[in-house]
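Have a look at the model below before you read on. I've jotted down some points to go through with the structure open beside you.

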Amino acid sequence: MPESFFILSQEYLEIAIDEITALAKMYDRFAKTVVIDNLVIVQSKTNWQEITKRASFVKISGQVLRKMSGLFLDEENFGELKTAKTFACRIINLSSNEFSIPELENSMGDMISKFTNAKVDLDEPEITIYLIFTNKENFFGFSKIMKKTVRPEKIGSHPHELDWKLTRAMINLLGIREGEAICDPFCGTGTTLLEAESMGIHGIGLDFDEKMVKMSKENIEKNAFGAEIIQSDFQEIKNISNKYNAIVTDFPYGKSSKVSQKPENIIKKFFKIVPSHKKIAVMYKKELADDLKIRGLKTYQIYRHKSLTRTILIK
Ligand SMILES: C[S@@+](CC[C@H](N)C(=O)[O-])C[C@H]1O[C@@H](n2cnc3c(N)ncnc32)[C@H](O)[C@@H]1O
């Protein structure tokens, strides 16, 4: 079974690891993952590029060619290089051992040059060969330049808008597939809808504020996406439940966005009326729902500053 590697940014490491795991299992339910610090090795029939396209926190990814017990290379590993015109070697040291990375990269480059006609190009190599050292085992793999993904653009923004990486990760943690639909009942500027649509997932947004509805519609149109936006109270989620597979949202918390009632009451009411069979990923200010008792879920805490910690809850 092919293996892929993903080096993740440390920003929200627990979410980043769970996102890769959720995506790997979404594409192939028999996928297996091994986590070594911020390195995730995925054993699955899904190509590493498929997972990378969707994921929010991947710094480097590629295919594992062969696990190594030491610094040992042999000719059979270089099939990928036979057709490449340019290459570069990179060492990633996640182990506690110290060694000179430039020296190792140079000698690895020299060694590889003997087996291939490809030339070294450190700026834009067609193939990058990676040697990843960890305290447990070492990995040898390669990566290719991927087509740059086009990020959704916004015409209008707002102080309360969500961080797009967290929004995207929330959708991915639920394992929502291309062609499915999510609903954001507090859509604001439409961040969740933009992320969903950019991954081929249909977005349905609700917001009771006319100004926010106009802004999210403009943002959707700017990207020529097909998300549907309705001016309505969030309770409309009960009536349109046949239109979506999951709810992904960021609850209003009273600062810089209008609220129809106290934010803590909105959250309580939401959990009373949300259709029980729907997947949900929601974010809220921690103290607004500290006493919520909901079973079968996972929470993540996002520390912003001493008076703001946000909770992401996945069900
Ligand atoms: C925190 S903001 C959402 C921000 C959004 N995720 C974004 O990235 O722009 C909360 C939104 O909830 C809306 N809202 C507040 N009370 C509502 C209600 N009862 N029903 C629907 N929308 C409501 C506000 O107008 C605001 O746009």
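The numbered notes below go from the whole chain down to single residues.

1. **Ground rules.** This is a predicted model, where local features need pLDDT of at least 70 and side-chain atom pairs count only at pLDDT 80 or more, while totals for chains, interfaces and linings use all residues. Residues are numbered from 1 along each chain as its sequence is written.

2. **The whole chain.** Start by counting elements: the chain has eight helices and 15 strands. Helices (H or I, at least four residues) and strands (E, at least two) are DSSP runs, numbered from the N terminus. The C-alpha trace spans about 70 × 40 × 35 Å along its principal axes. Of the 315 residues, 37% are buried; that word needs 20 or more other C-beta atoms within 10 Å of the residue's own, with exposed meaning 12 or fewer, partly exposed in between, and C-beta atoms placed from the backbone.

3. **Contacts along the chain.** Two residues are in contact if their C-beta atoms, placed from the backbone, lie within 7 Å. Take the contacts between residues at least 6 apart in sequence: 67% of them join residues at least 24 apart.

4. **Two domains.** The domain assignment gives domain 1 (3–144) and domain 2 (164–314); such bounds come from an automatic or database assignment. Their centres, taken over C-alpha atoms, are separated by 35 Å. Where they meet, 13 residues of domain 1 are in contact with ten residues of domain 2. Helix 1 (residues 13–27) gives the largest share of domain 1's side, eight residues. That side divides into seven nonpolar, one polar and five charged residues. Here Ala, Val, Leu, Ile, Met, Phe, Trp, Tyr, Cys and Pro count as nonpolar, Asp, Glu, Lys and Arg as charged, and the others, Gly among them, as polar.

5. Ala24 is found in helix 1. Is Ala24 buried or exposed? Ala24 is buried, because 26 other C-beta atoms lie within 10 Å. Leaving out residues up to four places away in sequence, Ala24 touches Ala31, Thr33, Val42, Ser44, Thr46 and Ile51. Ala24 and Ser44 are 20 residues apart in sequence and 7.2 Å apart in space, C-alpha to C-alpha.

6. Two strands pair if DSSP finds at least two bridges between them. Strand 1 (residues 3–8) and strand 3 (residues 39–43) run antiparallel, joined by five bridges, and Ile7 stands opposite Leu39. Strand 2 (residues 32–36) also runs antiparallel to strand 3, with five bridges; there Val35 has Val40 as its bridge partner. Strands 2 and 3 make a hairpin with two residues between them, and Asp37 in the turn has a positive phi of about 55°.

7. **Strand 5 and its partners.** Strand 5 (residues 86–93) pairs in the parallel sense with strand 6 (residues 119–120) over two bridges. Strand 5 also pairs in the parallel sense with strand 7 (residues 127–133), over seven bridges, and the bridge partner of Phe87 in strand 7 is Ile127.

8. Strand 9 (residues 181–184) and strand 10 (residues 202–207) run parallel, with four bridges, and Ile182 has Gly203 as its bridge partner in strand 10.

9. **Helix 6.** Why is helix 6 largely enclosed by the rest of the structure? Seven of its eight residues are buried, so there is your reason. The buried residues of helix 6 include Thr191, Leu193 and Glu195. Among the elements covering them are helix 5 (164–173), strand 9 and strand 12 (246–250). After helix 6 comes Gly200, with a positive phi near 80°.

10. **The ligand.** How many residues surround the ligand? There are 24, and the closest are Phe186, Gly188, Thr189, Thr191 and Asp209; a residue is near a molecule or strand if its C-beta atom, placed from the backbone, lies within 6 Å of it. Helix 6 (191–198) and strand 10 are the elements giving two or more residues to this shell. The shell divides into ten nonpolar, eight polar and six charged residues.
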